[in-house]
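Here's a quick briefing to read alongside the structure. Take a look at it first, then work through the points below.

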Amino acid sequence: MSRPLNLLTDIEGVAVGHATDLSLGSGVTAIVFDEPAVASGSVLGGAPGGRDTALLDPSMTVQAVDAFVLSGGSAFGLDAAGGVQAGLREIGRGLQVRTARVPIVPQAILIDLLNGGNKDWGLYSPYRDMGYAAFKAAAKGAFALGTVGAGTGATTANFKGGIGSASARTSAGHTVGALMAVNAMGSVTVGEGPHFWASPFEQDGEFGGLGLPQNFDNRLRLKGRNVIATTIGVVVTDAVLSKPDVHRLSILAHDGLARAVLPTHLPGDGDTIFSAATGAKPLSDAADFLEICHLATLVTARAIARGVYEATALPVPDVQPAWRDRFGSLAR
């Protein structure tokens, strides 16, 4: 067994690819499965944007997906799934419908239209092409975190957001991983200091190793009273799970979101978390699934903190600073 990378790709059969445009201040992230994965998801934010999210309901017919897409661009970014579909169709992937194949690619978007990047793209948005580029870039193993892919233009109440990921292994040997694009209305850090709300769950100094502060400042901090935000992401396990089980996994992942961002699930957030199971390893008993659910909460919280910790400011004037700009020297 290879050494874990603390990334979503620690799960065998999962590839991740980014398309990043720093001048645009936006991007796309594709999560591609080697084989269709049983999938579901939950939307708990008040202002979501997505494509093919209804089919993820446990009562709906389609059980599995070929890929997930996370994108910036607000509703314009919904074109990105078409690019990923095009790439999957090229290689013969998709749900067989008589003589046709239809790649199943649910997508969630975040709004990054007001971050200082150049959004004057002309008649058509660039997101379909970026989706295709993210699919072509999808690979196993290590991938970049921070200001990349769907996290390129992400922001939070006080620091630059970005892409974060984390993984964990259960006592029975199942792997659980999360990938999050952190663009919250609320704050990932405590008050004005460097400490992350997710600090109790940190592993091996993955977001600075600073622990918790002596005092907690719980005052409301928001990106802006009239700004739409969204934290979106994916949680995946290699276990054999049913679609209702996978749906429950997404709900537990939202618990991790609530432990890493204060406040969350606001009327202006579009918080959406997709979930999937690759089915590589069966469960031995009911307790296995309970531990998977527990770890889904933890890896989601850790991934969110890593997304802010790893981010760098966009290279345009008057942008939100990164956590590293202010506190990077404190990290161990």
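**Rings, cores and a surface patch**

W323 and F327 sit four residues apart in helix α5, so about one helical turn separates them. Keep in mind that this is a predicted model. Let's start with those rings and then move on to the cores and the surface.

**Aromatic rings**
- The ring centres of W323 and F327 are 5.9 Å apart and their planes are at 50 degrees, so this pair counts as tilted.
- W323 is buried because its relative accessibility is 0%, and F327, at 8%, counts as buried too.
- Y309 and W323 make another tilted pair, with 5.2 Å from centre to centre and 55 degrees between the planes.
- That pair ties together distant parts of the chain, since Y309 belongs to helix α4 and W323 to helix α5, 14 residues apart.
- Ring pairs join F159, F196, F207, Y309, W323 and F327 into a cluster.

**Nonpolar cores**
- The largest nonpolar core has 40 residues, and F196 and I304 have the most contacts inside it.
- Several elements each supply at least two residues of this core, among them β8, β10, α3 and α5.
- Helix α4 gives the most, with 13 residues.
- A second, separate core has 29 residues, including L8, L56, F68 and I163.
- Beyond its neighbours within four places in sequence, I304 is in contact with residues including M180, V188, L257 and V261.

- L95, V97 and V102 make a nonpolar surface patch of about 220 Å².
- V97 is part of strand β5, and at 44% relative accessibility V97 counts as partly exposed.

Key. Residues numbered from 1 in each chain as written. Predicted model: local features only at pLDDT ≥ 70, side-chain atom pairs only at ≥ 80, totals over all residues. Heavy atoms only, no water. Patch = residues over 30% accessible without salt bridge, like charges linked within 9 Å, V, L, I, M, F, W, Y side chains within 5 Å. Areas by Shrake-Rupley, 256 points an atom, 1.4 Å probe, with all protein chains shown as cover. Salt bridge = Lys/Arg side-chain N within 4 Å of Asp/Glu carboxyl O. Buried < 20%, exposed > 50% of the residue type's maximum accessible area, 1.4 Å probe, protein only. Core = buried A, V, L, I, M, F, W, Y, C linked by side-chain atoms within 4.5 Å. Contact = heavy atoms within 4.5 Å. Phe/Tyr/Trp six-rings, centres within 6.5 Å; stacked < 30°, edge-to-face > 60°.
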